[in-house]
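The entries follow in the order in which I made them.

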Amino acid sequence: MRKIIKFISIVLIFTILAYSLLALFSNHKTYAVSQWISSDINGIDESLYPGFKERIKSLQAQYPNWTFKVLYTDLDWSDVISNEYVGHNSRPRNVVQATTNYQGQWICPICSYENGLWRCASQAAIQYMMDPRNSLNASDVFQFEELTINGCDINAINSMINGTFLQGHANEIANSANATKINPYYIIARLIQEQGRNGSATSSGASGYYNPFNIGATGSSHVEEIENAINYAKQQGWNTLEKAITGGINFLASDYINQGQNTLYLQKFDVENQYNGLYYHQYMQNVMAAQSEGNTLRKTYVSINSVGSAHTFIIPLYKNMPSTACSRPDGSSNATVSGDIVKVNANGGLNMRNAPNGSIIGAVSSGEIVTRIEKASSKVAGTYWDKIRRANGEEGYVARQTYDNEAEYKLYLLPLGDSGNSGGTGNTGGNNTTNYKLGDVNNDGNITASDYVLIKNHIMGTTTLNDNAKGAADVNKDGNISASDYVLVKNYIMGVITSF
């Protein structure tokens with residue numbers, strides 16, 4: 001009996017270790033959320049989900065054959081937007097094509113990402129496109145259509161692909177759709193969204209391979225995206241368009257639709273938690289893709305006179321949404337940032353830990369832009385440890401600034417949002433209640449020679465400044481206290497400059 005108990009104990013220990021290691025090395029955070037789908041539209045609590053019921057019931061009255069369900073995501077709206085607004089300067093989770101109509105508030109103001117016309121999408125753009133209330137109309141609602149179906153009309157498929165690069169391929173579309181129980185009209189909409197009506201480099205076969213769904217088409221440039229898409233097709237053996245269409249449909253079925261991402265919206269915005277976690281498993285970067293593909297899908301229904309036929313839609317609901325639908329971004333004025341977005345300002349990057357001054361679980365690169373989700377109010381082991389979230393969903397603690405025993409002060413997390421780093425006051429060093437005026441190092445309400453002397457002495461190592469004074473001394477807000485700050489304060493006192 002003792003041997004059995006000992007064996008069971010060993011098995012339990014190894015099981016716990018395995019799960020611990022899996023959690024440690026996973027790139028994606030798991031979320032404890034309880035989600036469910038309901039067909040009870042009348043049961044939507046308008047005090048919790050304002051504006052949904054009236055819009056849905058209006059569509060139901062207009063199209064009696066339409067059926068609506070709601071997905072209670074159990075996700076907080078602000079947390080959703082925070083997780084979607086990541087990946088700056090490297091691979092943004094959401095991008096927008098910066099054409100004439102999509103400038104100003106559509107473009108992220110803190111990101112240098114460029115890929116042709118594509119730019120990182122702003123918070124306002126993400127909020128507008130993700131708010132389901134903005135799309136609960138007859139034109140945009142098809143991004144919420146449930147994508148499983150039984151049977152299809154081959155004549156309708158032929159009509160839809162006539163004059164496109166898909167002409168002559170109706171049979172493989174119909175056969176694969178029937179085998180996987182996927183809506184074939186959605187497949188056509190997806191292909192046209194990815195390729196246009198005439199096709200592109202990934203569907204032409206010029207390389208000897210085809211990838212019309214652009215699976216694996218990632219990269220920092222359009223050329224790199226094409227290369228990666230073709231390489232993926234080579235790995236799959238897609239040397240004909242027929243093979244690529246069939247293989248792509250099977251991929252969509254196994255990796256998205258059968259994983260719970262059963263609408264265009266859920267494939268773009270991964271807020272469904274059934275299988276793959278949250279946020280990272282998204283088919284496309286284009287923040288408008290779900291709406292755009294939905295409109296293409298609606299047009300196909302118009303062409304076969306079936307808009308008013310039976311369709312089922314799944315509408316996601318979030319907790320703590322604004323009382324009114326999020327506004328469309330203004331194309332003429334610049335975007336702003338809300339929330340605590342920070343840039344890593346440490347040479348060589350920062351170690352990320354599982355707790356303040358805890359075990360190292362990863363690293364963040366110098367210049368990387370991350371979201372600060374908790375700001376420490378007290379020091380541990382001589383510095384403040386703030387909790388951050390990276391673009392891939394990893395979360396951990398990093399040092400906000402240099403340690404107390406280091407002579408040279410440096411701020412490791414430079415705020416980029418509205419977290420107190422603009423204007424003359426802020427709290428970039430120290431706890432959440434600190435307040436200072438840039439240049440007023442001794443905090444006497446004036447900027448005088450005493451202040452630049454304090455900066456000079458700190459640089460020379462003869463004086464140690466507290467956190468509040470360090471924040472005030474970093475006049476140029478570059479995260480360092482250097483001769484540049486000393487000169488700026490001196491020039492301000494002499495009247496050479498009038499502000500910092």
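Entry one, the hairpin. Working from a predicted model, I looked up β8 and β9 and found that they form a hairpin with six residues between them, and that Asn357 in the turn has a positive phi of about 60°. I then checked the pairing, which is antiparallel over four bridges between β8 (residues 350-353) and β9 (residues 360-364).

Entry two, the open sheet. I traced an open sheet of three strands in the order β1-β2-β6, with mixed pairing. I noted β1 (36-38) and β6 (311-319) at the edges; each has a single partner strand, so one side of each is left without a neighbour in the sheet. Looking at β1 and β2 (residues 66-76), I found them antiparallel and joined by three bridges, with Ser38 opposite Val70 in β2. I also looked for what covers these strands, and found helix α2 (residues 52-62) lying across β2 and β6, running at about 160° to β2.

Entry three, Asp131. I located Asp131 in the loop between α4 (123-130) and α5 (154-161). Is Asp131 buried or exposed? I noted a relative accessible area of 0%, and because buried means under 20%, Asp131 is buried. Its side chain makes a polar contact of 3.0 Å with the side chain of Arg133. Leaving out residues up to four places away in sequence, I listed Trp77, Met321, Thr324, Ala325 and Cys326 as the residues that Asp131 touches.

Terms used:
Residues numbered from 1 in each chain as written. Predicted model: local features only at pLDDT ≥ 70, side-chain atom pairs only at ≥ 80, totals over all residues. Heavy atoms only, no water. Buried < 20%, exposed > 50% of the residue type's maximum accessible area, 1.4 Å probe, protein only. Polar contact = N/O pair within 3.5 Å; in protein donor to acceptor, adjacent residues only side chain to side chain. Contact = heavy atoms within 4.5 Å. Pairing = 2+ DSSP bridges. Axes fitted to C-alpha atoms, helices over the stretch in contact; angles between N-to-C directions.
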